[in-house]
Amino acid sequence: MGLIVTIWVLFRVRNIEKAFLKQALLPSRMRVLRGHITNLDKAIQAKNRQLALQALERCRSVLTASSGYLDGDRRKSSEQTAQAIERVCRSANEDEFWTGCETALARLHGVHEGLKTLVKELEWRTKDAN
Amino acid sequence: MPTESEWEQAAQRMIDLTESGNLTWQVNAEIKSQRENVEGDVYMALVQGRFIAVYEYKSQFYDEDIDGWNPRNEVAIEFIDLSGVLQYRWPAVPGRWRLLDAIRCVVSGARDFLKQFLTQPAGTG
């Protein structure tokens, strides 16, 4: 019985911790991602491969760090975008690289929108709880 | 599609032609007025029947370290039509900054100044 209670308490603590981190971290992650997406967009316009690679790598890093706080379709979309970015970064062919960048940019906009909605949902939930 | 290395070669060739005086660049205020955040002048030349514009511009880039925006200068090399409309943007090859510097050195008269100044006898100014 004691073991079950301990597991239940740990489970609850972990969930509360996760919810807290989600609420505290996601807005700043969303802002950082927005910045890197803008940089990627500018790098594509300037056809600056070095800048594009840097922006892609940073976007991927934000997505990887945020996936743990996402659920369902949002998580899947974030993970798939991170994988797509990895493939683009490995691309040796120049045409493929730039086409991949455009696709990654479109997907990143989608992930960002998802994050934005989630952050709003969290804000409303907090307001309702208060 | 041409590779980035071919565009780099083309930029290098334009640097050589500019420095040897075989390529003439002109300042174009009209194109400058059509572009945003241009730093300095927009230079235009006719190369192999195509109008080419080269200029420096400022753009805001996100910096995660400060969680804010930082200005960053870039150089654009563009094929344009007679009225300055962009036709094709060259990839950002490493030689773009050297090309702009070579153009500025010639157009500003810095190269001629140095040549004359260093050949003058000491004590004259």
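This is a predicted model: local features need pLDDT of at least 70, side-chain atom pairs count only at pLDDT 80 or more; totals for chains, interfaces and linings use all residues.
Reader: Why are α3(A) and α4(A) called roughly antiparallel?
Author: Take the angle. Helix α3 (residues 72-90) of chain A and helix α4 (residues 94-129) of chain A pack at about 155 degrees, with their axes 9 Å apart. Axes are lines fitted to C-alpha atoms, for helices over the stretch in contact, and angles run from 0 to 180 degrees between N-to-C directions. Angles under 35 degrees count as roughly parallel, over 145 as roughly antiparallel, 65 to 115 as roughly perpendicular and the rest as oblique. The angle falls in the antiparallel class, so α3(A) is roughly antiparallel to α4(A).

Reader: What classes of residue make the contact of α3(A) with α4(A)?
Author: There are nine nonpolar, seven polar and three charged residues. Ala, Val, Leu, Ile, Met, Phe, Trp, Tyr, Cys and Pro count as nonpolar, Asp, Glu, Lys and Arg as charged, and the others, Gly among them, as polar.

Reader: How do you know whether A:Ser78 is buried or exposed?
Author: Count its neighbours. A:Ser78 has 25 other C-beta atoms within 10 Å. A residue is buried at 20 or more, exposed at 12 or fewer, and partly exposed in between, with C-beta atoms placed from the backbone. Therefore A:Ser78 is buried. In chain B, 24% of the 125 residues count as buried.

Reader: Which residues does A:Ser78 contact, beyond its neighbours within four places in sequence?
Author: A:Ser78 sits in helix α3 of chain A. Its contacts are A:Leu63, A:Ser66, A:Ser67, A:Leu70 and A:Val111. Two residues are in contact if their C-beta atoms, placed from the backbone, lie within 7 Å.

Reader: How many residues does each chain give to the contact between chains A and B?
Author: Chain B gives eleven residues and chain A gives 13 residues. On the chain B side, strand β3 (residues 50-63) gives the most, with three residues. That side divides into five nonpolar, two polar and four charged residues.

How values were computed. Residues are numbered from 1 along each chain as its sequence is written. Chains are lettered from A and ligands numbered from 1 in the order in which they are written. Helices (H or I, at least four residues) and strands (E, at least two) are DSSP runs, numbered from the N terminus.
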